[in-house]
Amino acid sequence: MMMKEKGNIIIPENPVSRFLFSSPNSAIIWLIVRLYVGYAWITAGWGKVTSDAWTGKNAGAALQGFVGGALAKSQEGGDVAGWYATFLENTVLPNAKVFSYMVAYGELLVGLGLILGLLTGIAAFFGALMNVTFLFAGTLSANPLLFILATWLVLAWKVAGWYGLDRWALPLLGTPWSRNSKYTLSNNI
């Protein structure tokens, strides 16, 4: 039932989504998901950060190989869209060393954020963004599953880090754990 309050239309949340995405009682579910996704990211990132082909003397070499494979798939008319192949060829490939560091340390930071439960929603968002870029490049492996789980973690940002550092960090940043919040839609939309 919609209610009107001070020029806003208030749409109450259904009980299932309120439990999953707003109730600390669901935090154990998100802890398990968060640790699984975080472990996947931190191991992938650590492997790249400690690899000479990603961040060492030959930084960018591994990424050049990855992009080369994606460009070959694009030419075969396969899994890589033309617009994305153009981006890879004209932006990523000439800056492979910079992107190599961004990927390696980005994966490591996403994994740390998720495992520690610190800025969980933001970490999950950037993990999902990296998963999408890998999917656009024609790489499946665990990317679809990790993308789905990361998207759910973004939706559950208020409670996904309850068993983690977010429990203390988010209230300090002014987020709604210390008070009841209502989701509203303005009449001006």
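Some ground rules: the model is predicted, so local features need pLDDT of at least 70 and side-chain atom pairs count only at pLDDT 80 or more, while totals for chains, interfaces and linings use all residues. Numbering runs from 1 along each chain as its sequence is written, and side-chain values use heavy atoms, with hydrogens and water left out.

**The H2/H6 pair**
- The axes (lines fitted to C-alpha atoms, for helices over the stretch in contact, with angles from 0 to 180 degrees between N-to-C directions) of H2 and H6 come within 7 Å and cross at roughly 150 degrees.
- Helices here are DSSP runs of H or I with at least four residues, numbered from the N terminus.
- Contact means heavy atoms within 4.5 Å; residues making it include Val37, Gly38 and Trp41 of H2 and Leu108, Gly111 and Leu114 of H6.

**The nonpolar core**
- A nonpolar core is a set of buried Ala, Val, Leu, Ile, Met, Phe, Trp, Tyr and Cys residues joined through side-chain atoms within 4.5 Å.
- The largest one has 32 residues, and Trp30, Val37, Trp41, Leu88, Leu114 and Leu153 have the most contacts inside it.
- Among the elements that give two or more residues to this core are H2 (27-49), H6 (96-116) and H8 (143-155).
- H7 supplies the largest share, 5 residues.
- Setting aside neighbours within four places in sequence, Val37 touches Leu114, Leu146, Leu149 and Leu153.

**Asn143, a buried polar residue**
- Asn143 sits in H8 and counts as buried at 7% relative accessibility (buried is under 20% relative accessible area, exposed over 50%, partly exposed in between; 1.4 Å probe, protein chains only).
- A polar atom of the Asn143 side chain lies 3.3 Å from the backbone oxygen of Thr139.
- Beyond neighbours within four places in sequence, Asn143 is in contact with Asn131, Phe134 and Leu135.

**Positive phi in loops**
- Most residues other than glycine have a negative phi.
- Leu119, in the loop between H6 and H7, has phi near 50 degrees and is partly exposed at 34% relative accessible area.
- Ser141, in the loop between H7 and H8, has a positive phi of about 35 degrees and is exposed at 68%.

Notes
A polar contact is a pair of N or O atoms within 3.5 Å; within protein, one must be able to donate a hydrogen and the other to accept it, and residues adjacent in sequence count only if both atoms are side-chain atoms.
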